Each structure stands twice: as C-alpha cells, then as structure tokens.
Amino acid sequence: MRVSDRKKDLTKLSNGEFVSLGKIESALRSSVFVENIAICTWPAANYVVALIQPNRQAITTLTTEKLGLKSLDTLEKQFKDDQVKKAVLNDLINVGKGRGLSVKELPKRVHLATEEWTQDNHLVTAALKLRRKQVIEFYAKEIKQLFC
C-alpha cells in the first residue's frame, strides 16, 4: 500500500476502492469551464460527482455559440440547463482521461454552482484553497440529489 496524497483527501468508495479527491480536483481544474471544483462521494456510491464554480464566460460562450441556446439569457438558467451540464461533464471526462484518471475517478454527475466561492461565504480560505467540509455542508441538498 502506498499513500499518494493527504490522508484526509483519500476517500473509500462503497466497493472498497480508494480515490484521492485532491488528485481528481487538480486534474479537472484544467477544464476551461472550471473556476473551482469540489469532488464529492456518498457512502453507498461507487462513483464521484463534481460541484463546480463555473467559469461564467466559458459557460456563456458554450451556451450561445456552441449549443445555440439563445433562450437561456441568465447565468442561472444556463447553469441549470441539462444540455449545458452534459457538455461540461463530457469536457471533464475528456480532461480527466487526458490527465490519466481512472474510470472510478471520473465524475458521473455535475452541479454548476450559481454562488461565487469566496472567503466571505467561507467556502475558500484566504489562499483560495477549498474548504471541503464547508462546501459539502453548503451544498448538502444538491449533493444528495446528484446521488439519488
């Protein structure tokens, strides 16, 4: 057994496999659609999901130019649209595969957060590092929906 990351970033999936949340986040952070990302698991699940603070400009470009969804005039509508989520998820999967992530490390679902992750709402530190516990508590309802 070899520990490849911080102990608190290692999570055991229901099938007994360990995944490094920090490793997955750093790999997927290179997606054009990601400003910040939190990877989450669920006790009875064999997969991970992604909570994303999206790059607003990239999402708007995707929505209007690539998907041609002119009716989605607000960012909130864009973030909740299934086609947009699917396109972002496909990009995350391609980036993850390119970075050498295994199938178990690739997210199966994604949630695009409408809120900015700032120090003021306690979702990131002063150094802009993710506060995983606070993010999971803040998005508990959305995480539950992603796994149900």
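1. An open sheet of three strands is present, with the order 3-4-5 and mixed pairing. Strand 3 and strand 5 are the edge strands, since each pairs on one side only. From one strand to the next, the twist averages 25°. Helix 4 packs on this sheet and touches strand 3, strand 4 and strand 5. The direction of helix 4 makes about 130° with that of strand 5. Keep in mind that this is a predicted model.

2. Strand 3. This strand covers residues 34–40.

3. Gln53. This residue lies in strand 4. Is Gln53 buried or exposed? The cut-off for buried is under 20% relative accessible area. Gln53 has 8%, so it is buried. Its side chain has a polar partner: a contact of 2.9 Å joins it to the side chain of Glu116. Leaving out residues up to four places away in sequence, Gln53 touches Phe33, Val34, Glu35, Asn36, Glu115, Glu116 and Trp117.

4. Helix 2 spans residues 56–66, and its buried residues include Ala58, Ile59, Leu62 and Thr63. These four cover an arc of only 130° around the axis, which puts them on the same side of the helix. An α-helix has 3.6 residues a turn, so residues three or four places apart point the same way. On the other side of helix 2, Gln57 and Glu65 are exposed.

5. What the buried side meets. The buried residues of helix 2 pack against strand 4 and strand 5 (107–112). They also pack against helix 3 (75–80) and helix 4 (82–98).

6. The ends of helix 2. Which residue caps the N-terminal end? Asn55 does: a side-chain oxygen lies 3.1 Å from the backbone nitrogen of Gln57. Gln57 is also one of the exposed residues of this helix. After helix 2 comes Gly68, whose phi is positive, near 65°.

7. Helix 2 against helix 4. Two packed helices are described by the angle between their axes and the distance between the axes. For helix 2 and helix 4, the angle is about 115° and the axes are 11 Å apart. The crossing is right-handed. Helix 2 brings Ile59, Leu62 and Thr63 to the contact. Helix 4 brings Val84, Ala87 and Val88. Ile59, Leu62 and Thr63 are among the buried residues of helix 2.

8. Tyr139. Where is Tyr139 found? It sits in the loop between helix 5 (132–138) and helix 6 (140–147). Although in a loop, Tyr139 is buried, with a relative accessible area of 1%. Not counting residues up to four places away in sequence, Tyr139 touches Leu51, His111, Ala113, Glu115, Trp117 and Leu123. Now look along the chain. Tyr139 and Cys40 are 99 residues apart, while their C-alpha atoms are separated by 10 Å.

Note on methods: Residues numbered from 1 in each chain as written. Predicted model: local features only at pLDDT ≥ 70, side-chain atom pairs only at ≥ 80, totals over all residues. Heavy atoms only, no water. Buried < 20%, exposed > 50% of the residue type's maximum accessible area, 1.4 Å probe, protein only. Helix = DSSP H or I, 4+ residues; strand = E, 2+ residues; numbered from the N terminus. Arc of directions from axis to C-beta. Contact = heavy atoms within 4.5 Å. Polar contact = N/O pair within 3.5 Å; in protein donor to acceptor, adjacent residues only side chain to side chain. Axes fitted to C-alpha atoms, helices over the stretch in contact; angles between N-to-C directions. Left-handed = near helix turned anticlockwise from the far one by under 90°. Pairing = 2+ DSSP bridges.
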